[in-house]
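Subject: Structure handover

Dear colleague,

Here is the structure I said I would pass on. My notes on it follow below.

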Amino acid sequence: MLRWAGDTLPEALTGLPASDGPYAPSKTVADRHERWLRQRFYDADARILAALGTPGDSVLTADLETEDRGWMTVSWDASRAEEIEVEREHPRGLTESWLSLDRAEDRRPDGRPGPARRPLLDLTRVDLELDLTSPSKEPLQGLADVQPVDGEVTARLELRPSVQGLTALQLQLAPRAEVTAVRFADGAPLPFLRDHVGARSQALRKETWDSDLVVLLPAALAADEPTILEVDYTMRFDGYAPGRSWYPGTSAGALVLRDLHVGRMELTVRDDYDVRAMGERTDERRGDGTITSVWRVERPAKMLTFSLARKAHEETFERPELPPVAAFSSLGGFMNADRVHDVGSDVVAALAYFDRLLQSPLDVASLEVALIPAGHGQAFDGFLHLSDFSTATDSVAAGELFRAHEAAHQWWGHKVGWAGYRDQWLSEALAEYSAMMFVQSSVENGDRYFGEMLDAFTHELNGSLRSAFSQFARPGRSILNRRALDRVGPIDQGARCAVAEAPNAYQSQTYVKGALVLHMLRELTRVMTGSDEAFVQILRTFVHRYEGEFASTADFEGVVAEVVPADWSWFFDEWIGRAEIPTYRWSWTVSRADGGGAPFRLDVEIERRDVSDDFRMALPVRVTLEGGRTASVLAMVAKDSESFSFPLPERPREVELAPDRSVLAAIEKR
C-alpha cells in the first residue's frame with residue numbers, strides 16, 4: 001500500500017495504467033490505515049493534506065507485507081529531521097524503528113546525521129486561559145487524594161512560518177484533549193482535522209484523539225510574518241499540567257523542546273483550591289466561589305506548566321547561595337505537612353550540592369517544587385513536578401536519588417539542552433549520575449548506596465536478577481532486557497532503541513546505561529590523571545560552555561578530549577553508538593623480575609567475549625600492596641585474548657580488574 005503527496009512517488013510507478021472501471025475500495029488498504037491510526041496514532045489523510053498545503057513538502061509511506069517479517073513500513077517525510085525511516089510492526093504490538101537517517105546531502109562526512117533543520121513553524125508566544133472549576137468523574141488520584149478536573153482551555157498561539165505560502169498548519173496536542181474550535185484572532189473559524197482514535201478501538205480510552213492537529217487555511221501565509229490562532233479544547237487535568245503537549249505546539253518531533261516561547265497563563269479554580277505556575281504571578285482576583293490568577297513567563301522557555309492543590313500547603317526554604325525554593329502540595333489522604341517539608345529539604349540539599357559541584361548558580365528567580373498525583377517527575381524552568389508517591393517509600397536513598405535527578409535537570413536539560421533525540425541521553429544520564437554523586441556524598445552510608453546503584457544498574461542491563469531486592473532494582477525490566485539483549489538498540493538511538501521484547505529499553509539505555517557510561521568515564525579519567533578533579537572539570541566546562549545552547553554528543557566528547565587530552569572516539573563509538581556489553585575472564589600471577597629495575601612483575605591474562613572483533617576497552621587494574629597502598633593502571637583490551645605485564649616494587653596483596661564497577665561488563669575470575 002502506498003500513500004503519498006508531493007514528488008516522492010517512485011518513477012517505476014508513474015506509468016501504471018489507470019483503472020477502467022469504477023473505483024473499488026481495497027479492504028487491505030482500509031485495514032492498514034485503521035491499524036496506523038489505532039496503533040501508531042498516524043493519520044495518513046491529515047499528513048497528506050498538510051503536505052499539499054506546504055510548499056516543497058512531500059511524504060511517501062509504503063506499507064509492505066513481507067514473507068518472514070510481517071508488515072514493514074518504509075517512509076519518506078520531508079517534515080522530519082531524519083526523513084527516511086523503516087519500521088516493523090511487531091506481532092506483540094510495538095512498532096519498532098529499524099532505521100532512521102537523513103538525506104545523503106545532509107549527512108556529515110562520517111555518515112552521522114547533519115545539523116537539525118529549522119522547523120516549518122516557530123511558536124513564539126502562547127497565552128492560555130483555563131477554567132479548572134469542573135470536578136471530573138475520574139477517581140481521586142495520588143497519595144493526597146487529588147480530585148481531577150475537566151478543564152476548558154483556550155490557547156492563543158503566535159506562530160511564525162519559516163517558509164512562504166503555507167495553507168495548512170500541522171500542530172500537536174495531547175491525545176486526551178478534545179478540540180472544539182480553531183479560529184483566527186478575529187474570530188473567523190478554521191477547519192481542522194483530528195481523528196477520534198478512541199472511538200475506533202475498545203482497547204483505547206474513549207477520550208483518546210490523534211496527537212496531530214492539522215489546520216487548513218483560506219489563504220497562504222507569508223514567511224516570518226506572525227500569525228495568531230486560537231484553539232478551544234477540553235482536557236482532564238489530574239492536578240497538574242503534564243509535559244509539553246498539554247497545549248498546542250509545532251509538529252517538530254524530537255526538536256519540539258528547541259521551540260522556545262514566552263507566554264501567559266490565566267487559571268481559574270474553585271476557591272477551595274490554590275495554584276502555582278511557572279513565571280511571575282501578576283494578578284489575582286476572586287469571583288463567585290472562584291479564584292483567578294495570572295502568571296507571566298517573559299523569558300523564553302521550552303515548556304510551560306502549573307499545579308493545583310486542594311487544602312494546599314506550601315513551605316519556603318531560604319539558602320544564601322540559592323533562589324527561594326518552595327514545596328507545594330495538597331494535604332489529605334496520606335499526605336501531610338511533614339512529608340512536604342522533607343521533600344523541600346531534600347531538593348534544597350541537592351540544589352546546593354549541584355551549585356558547589358558545577359560552580360554554575362541557578363539563574364531563576366525562584367523554584368517551585370510541586371508534589372503531583374503521578375508516578376513520575378519532570379523538570380521545567382524554575383519548576384519541578386515530583387511524584388507524591390515518592391514520599392511514602394521506605395527506600396530513603398532511592399527517594400533521594402529520584403528527587404535529586406529532577407533537581408539536576410535545572411542544569412542538565414534546561415541550562416544545557418540537547419541537539420536532537422540522539423543526544424537526549426546527555427540530559428537524562430548527566431542528571432542521573434549527578435544525582436548518584438549527590439547520594440554518595442551527602443546521604444548517610446552514601447558509598448554503600450552508590451555501590452548498590454552500580455550493581456543494580458549493571459544487573460538490569462545484563463538481564464540479571466541478582467539485585468532484585470535492591471531499592472534501586474526494577475526486576476521486571478531486568479527480565480525484559482534478558483529476552484532482548486541482542487536486539488536492544490544503543491544509547492544514541494534514543495526512543496528508537498526500544499523493541500517489542502523490551503518496550504522500556506529507552507529508560508534502561510538512556511538513564512541506566514548512560515549513567516554507567518559516565519561512571520566509566522569518571523573512573524578512566526581518575527586512573528589517567530590520579531584524581532577525581534578531571535571528571536568534575538569535564539562537567540563544569542560542559543555546563544559553562546553550552547549554557548543556553550543545545551549540545552550534542554560530539555560537543556561533550558570534545559570537552560572530554562580538551563580536559564583529558566586523548567582520542568576518545570573509540571569510547572563514544574562503542575558505549576554510545578553500540579549496544580554490546582562484554583564479558584571478561586581474567587587471571588593474574590606475580591613473579592620475581594629478572595635483571596635490574598622493579599623486583600616483581602605482575603602478569604595479567606584477559607579473555608574477551610560477547611562483542612565484535614573491533615571492540616576495545618581500557619580496563620583499570622588496581623593493585624593493593626603491603627601496608628594498604630594502591631596503584632592503578634589501564635589495560636587496553638582490543639583482542640579476544642591479551643596478556644599484560646606490569647613492574648611492581650613489592651609483592652601485591654590483592655589485584656582487581658575493573659574495581660568499583662568501573663567497566664560495564666561481566667567480570668569472571670579464572
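Two strands are taken as paired if DSSP finds at least two bridges between them. Please keep in mind throughout that this is a predicted model.

Strand β4 (residues 84-89) is joined to β5 by six bridges, and the two run antiparallel. Within β5, Thr 95 is the residue that stands opposite Glu 89.

The mixed sheet

Another open sheet of five strands has the order β19-β20-β21-β23-β22, and its pairing is mixed. Here the edge strands are β19 (312-317) and β22 (378-380), each of which pairs on one side only. The twist in this sheet averages 20° from one strand to the next. Strands β20 (residues 325-330) and β21 (residues 367-372) pair in the parallel sense, over four bridges. Ala 326 has Glu 368 in β21 as its bridge partner.

Helix α3 lies across β19, β20, β21 and β23 (383-387), at about 35° to β19. Helix α4 (residues 396-408) lies across β22 and β23, and it runs at about 160° to β23.

Helix α9 and its neighbours

Helix α9 (residues 533-545) has 13 residues and reaches 18 Å from its first C-alpha to its last, close to the 18 Å expected at 1.5 Å a residue. Its buried residues are Ala 534, Phe 535, Val 536, Ile 538, Leu 539, Arg 540, Thr 541, Phe 542 and Val 543. They pack against α3 (337-358), α5 (425-442), α8 (505-529), β25 (550-551) and α10 (553-563).

The axes of α8 and α9 come within 7 Å and cross at roughly 130°. That angle makes α8 oblique to α9. From α8, the residues that take part are Leu 518, Leu 521, Arg 522, Thr 525 and Thr 529, which meet Ala 534, Phe 535 and Ile 538 in α9.

Strand β28 is joined to β31 by four bridges, with the two running antiparallel. The bridge partner of Val 621 in β31 is Leu 657. Strand β31 (residues 654-657) has a covered face, made up of Val 655 and Leu 657, and an uncovered one with Glu 654 and Glu 656.

Arg 622 is located in strand β28 (residues 617-624). What does its side chain pair with in a polar contact? The partner is the side chain of Asp 660, at 2.8 Å. Leaving aside residues up to four places away in sequence, Arg 622 touches Thr 630, Ala 631, Ser 632, Glu 654, Val 655, Glu 656, Pro 659 and Asp 660.

Regards

How values were computed:
Residues numbered from 1 in each chain as written. Predicted model: local features only at pLDDT ≥ 70, side-chain atom pairs only at ≥ 80, totals over all residues. Heavy atoms only, no water. Polar contact = N/O pair within 3.5 Å; in protein donor to acceptor, adjacent residues only side chain to side chain. Contact = heavy atoms within 4.5 Å. Expected span 1.5 Å × (residues − 1). Buried < 20%, exposed > 50% of the residue type's maximum accessible area, 1.4 Å probe, protein only. Axes fitted to C-alpha atoms, helices over the stretch in contact; angles between N-to-C directions. Parallel < 35°, antiparallel > 145°, perpendicular 65-115°, else oblique.
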